[in-house]
Amino acid sequence: MPWENVKLSSGHEMPSIAFGTWKLGNGDGPTDQVDQAISVGFSHVDTAQAYRNEKEAGQAIRESGLKRSEIFITTKYSGLNGLDIKTSIKNSLENLGVEYVDLYLIHHPRLAVPDIPTAWKEMEDIQTQGLVKSIGVSNFGVSDLAILMASAKVPPAANQILLHPYVYLTQSPIIAYAKSNNIAIEAYSALIPLTERPGGPVDTPVNEIAKKLNVAPEQVLLAWVKAKGAIAVTTSSKKDRLQRYLDAGDSLALATEDIAAIDAAGAIGTGFQASRKLGKTGAGVLIFAACISLALIGFRM
Ligand SMILES: NC(=O)c1ccc[n+]([C@@H]2O[C@H](COP(=O)([O-])OP(=O)(O)OC[C@H]3O[C@@H](n4cnc5c(N)ncnc54)[C@H](OP(=O)(O)O)[C@@H]3O)[C@@H](O)[C@H]2O)c1
């Protein structure tokens with residue numbers, strides 16, 4: 001296994017890199033993509049009701065020939081068709097063609113209806129019934145987590161959040177809360193500096209580190225996720241890129257100064273984003289605050 005397993009608070013182990021099926025659509029496409037990811041060595045598939053391709057992912061998983069215990073399946077309660085958690089998990093299991101999923105997440109706090117404690121109790125019930133091995137959340141902020149923890153019998157095993165260098169600073173309180181409560185952090189869309197914000201401040205350190213280590217920029221960003229102690233939830237349509245993702249966990253450890261350089265550039269990028277709203281002075285204050293905060297948290301979690 002190129003990326004180590006992470007032990008969740010539920011006692012179960014989870015591979016620390018996942019292949020995600022968002023945006024893959026339906027039909028043969030997603031089945032072929034999941035098949036390709038498994039053939040390269042991915043053993044963790046991340047899907048959701050909302051992605052509407054659980055059936056296709058399940059087909060690829062079943063056709064892979066892997067034993068159920070050899071593949072880790074995450075899916076999410078997305079409130080599809082207004083159905084409740086207990087009905088939705090049964091539909092997801094049927095779609096995937098499995099008897100249990102390894103991790104079931106509430107996709108977003110606004111889907112925790114009528115409120116977080118009531119929705120979480122339903123999650124605990126389906127875990128007790130053996131339909132899911134571990135339960136967790138996604139896109140939960142610190143206040144959402146605090147509400148959940150106040151009534152939970154079973155703490156969330158994971159919180160899957162947006163995490164890339166441009167949002168590291170703003171997401172740091174969630175990461176710190178998760179760390180102190182033994183909640184694994186899963187990072188999605190870590191490659192946004194390459195996919196949606198090319199030309200931003202993070203490009204310089206990422207490209208320099210990539211050149212120095214003779215690796216691809218996406219490998220540097222995934223190694224950065226790993227350095228933050230997070231589980232990477234990523235995707236690619238390309239076999240060679242998927243292989244590079246896996247190789248990044250195997251052999252690519254970033255130096256402390258490399259991580260610090262990415263963090264600092266990300267913090268500056270956070271400021272540039274805000275400058276449109278705050279004007280130059282406000283953005284300057286924010287960048288200064290960002291640098292101080294990074295220094296205080298020691299650049300890494
Ligand atoms: N819980 C949630 O709310 C939530 C939200 C969003 C996503 N997710 C999960 O996270 C998974 C990944 O999300 P994401 O697609 O946003 O993740 P990502 O890992 O940030 O981006 C993956 C994309 O990056 C592209 N890429 C890789 N290296 C590149 C490079 N050097 N230059 C340009 N493009 C490059 C790949 O394109 P190619 O196909 O061309 O290689 C691929 O489409 C999803 O499938 C889903 O499972 C969860």
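Predicted model: local features only at pLDDT ≥ 70, side-chain atom pairs only at ≥ 80, totals over all residues.
Local features were considered at pLDDT of at least 70 and side-chain atom pairs only at pLDDT 80 or more, whereas totals for chains, interfaces and linings use all residues. Residues are numbered from 1 along each chain as its sequence is written.

Eight strands form a closed barrel in the order β3-β4-β5-β6-β7-β8-β9-β10, with parallel pairing, where strands are DSSP runs of E with at least two residues and helices are runs of H or I with at least four, numbered from the N terminus, and two strands pair if DSSP finds at least two bridges between them. Neighbouring strands of this sheet are turned by 30 degrees against each other on average, direction ignored, the axes being lines fitted to C-alpha atoms and angles between N-to-C directions running from 0 to 180 degrees. Strand β3 (residues 17-20) pairs with strand β10 (residues 231-234) in the parallel sense over three bridges, and I17 has A232 of β10 as its bridge partner.

Helix α9 (residues 217-227) is mostly covered, with 10 of its 11 residues buried, a residue being buried if 20 or more other C-beta atoms, placed from the backbone, lie within 10 Å of its own. The buried residues include W224 and K226, and just after α9, G229 takes a positive phi of about 80 degrees.

The ligand is surrounded by 24 residues, of which G20, W22, L191, T234 and S236 are the closest, counting a residue as near if its C-beta atom, placed from the backbone, lies within 6 Å. The elements giving two or more residues to this shell are α7 (192-195), α9 and β10, and α7 gives the most, with three residues.

Definitions and conventions. Buried ≥ 20, exposed ≤ 12 C-beta atoms within 10 Å, placed from the backbone.
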